[in-house]
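Take a walk around this protein with the sequence beside you. Look at its surface, then at its rings.

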Amino acid sequence: MIRLRVEGLRLERLLERALAEGASFSRVERDGARAMILETGARGARVVGKLCARHSLRLETVCVTGADALARFCRRRWTLLPGLLLGAALLFLYTQRIWIVDVAILGDRAAAFDAAQVRAMLTQMDVHPGMAAADVDVEGIELSLSAASEEFSFVGARIQGVRLLVEVAPSLQAPEVYDLNSARDLVAACDGVVVSVNVQSGVAAVQPGDIVRRGEVLIRGEERASAEETRGVAARGEVVARAWVEASAEAECTRVERVYTGRTRTGSALRFLRWSWPLSPAEPFSQCEAREEFLPVGGLFLPLMIERVTYAEYAQKRVRVDETALKTELSERAFATAGEEIAQIDDGTLQVVDKWIDYSMIEGGRLRANAIVEIHRNIATTREALAQGG
């Protein structure tokens, strides 16, 4: 519906002519002595518009609603529908491909496994972002990954929209298997002071308070068969001992700083592509910092520019660093290194009891921080495991 306001004389005559030319009105009302409000459709608005232009009458469109408003909007925004169709087509094409390939490591050993290995396997299988979703064979990916490595206990793959999610669970380490009738001893994995001894099979060779060295027998693999003889068995048990992990970090107590003298030299050259013509050459100082500037001459269409180089002279000077800040940095580095070593030997029973750090000056004016961490751990191990661990 289009509402029009017409101003002028003989508006009833205008209304009659409009009706004669095929216009129809849903509402007609006076708006003063020389104005009339008309409600009509698109055809009636065109007819009234032509008549008002012919007779020099003032015509004003008050409002447009309903289907006429929609038609007028579509005429003004004729590119909207093609744009929507194009956007829908692009969105459809976008959703037909895989744009994200994610790898998730599951299970208790997730932290010890690198997802980059799985990504490399997927690359070898030609699985990559941008491939058509119809070409992704999730069952084939699962079978190929399972066959490629025996370390996987579970492999799953599924498509989530434009994302391919590959889930992998590394296999758990097999528990130690041994023959109870095969004689063996348990020895110390490191130096320490024995805190407690728990023997499950065999005979304890140490007691709480003993100082033991790496490789020393803790539990002998034997048991009494009778009053006169013994027989060999696989020693089993736990020997908790105090042990210490040490790590150090060092750094210089001075650093080199630049002190600028204030002297500068500036040179310039005219550059065109790879060619250069000196304009005002300048020699650099023996110790200086160079700063380059490029000033376009040819604008956007000609790659001609002036290259300006400014050399600022400086001298190098050694200054002492903040000792407190240096000690804090070295202690963090040393304890971080010690933490990495502890993480490698932690079997789930290790406990950190105490830690401290010592500082000392060494040759060359360097400061060394020595971190010591006291731990309680089970040091009982087999000779074979000790030999493999170095």
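Which helices each supply at least two residues of the positive patch? They are α1 (11-20) and α2 (42-54). Keep in mind that this is a predicted model.

Helix α2 gives the largest share, four residues. Take R54 as an example. This residue lies in helix α2. Is R54 buried or exposed? Its relative accessibility is 53%. Exposed means over 50%, so R54 counts as exposed.

Now turn to a surface patch of another kind. L86, L90, F92 and L93 make a nonpolar patch of about 440 Å². Find L90 in helix α4, which covers residues 80-95. L90 has a relative accessible area of 51%, so L90 is exposed.

Next, look for aromatic rings. How many aromatic pairs does the structure hold? It holds one. The partners are Y260 and Y314, and their pair is edge-to-face. The ring centres are 5.9 Å apart, with 70 degrees between the planes. Edge-to-face calls for planes over 60 degrees apart. The pair links distant parts of the chain: Y260 is in strand β16 (residues 254-272) and Y314 is in strand β19 (residues 304-320), 54 residues apart.

How do the two partners stand towards the surface? Y260 has a relative accessible area of 42%, so Y260 is partly exposed. Y314 has 10%, so Y314 is buried. The cut-off for buried is under 20%.

Key: Residues are numbered from 1 along each chain as its sequence is written. This is a predicted model: local features need pLDDT of at least 70, side-chain atom pairs count only at pLDDT 80 or more; totals for chains, interfaces and linings use all residues. Side-chain values use heavy atoms; hydrogens and water are left out. Buried means under 20% relative accessible area, exposed over 50%, partly exposed in between (1.4 Å probe, protein chains only). Patches are made of residues with over 30% relative accessible area and no salt bridge: like charges are joined within 9 Å, nonpolar side chains (Val, Leu, Ile, Met, Phe, Trp, Tyr) within 5 Å. Accessible areas come from the Shrake-Rupley method with a 1.4 Å probe; for residues, only the protein chains shown count as cover. A salt bridge is a side-chain nitrogen of Lys or Arg within 4 Å of a carboxyl oxygen of Asp or Glu. Rings of Phe, Tyr and Trp (its six-membered ring) pair if their centres lie within 6.5 Å; planes under 30 degrees apart count as stacked, over 60 as edge-to-face and the rest as tilted.
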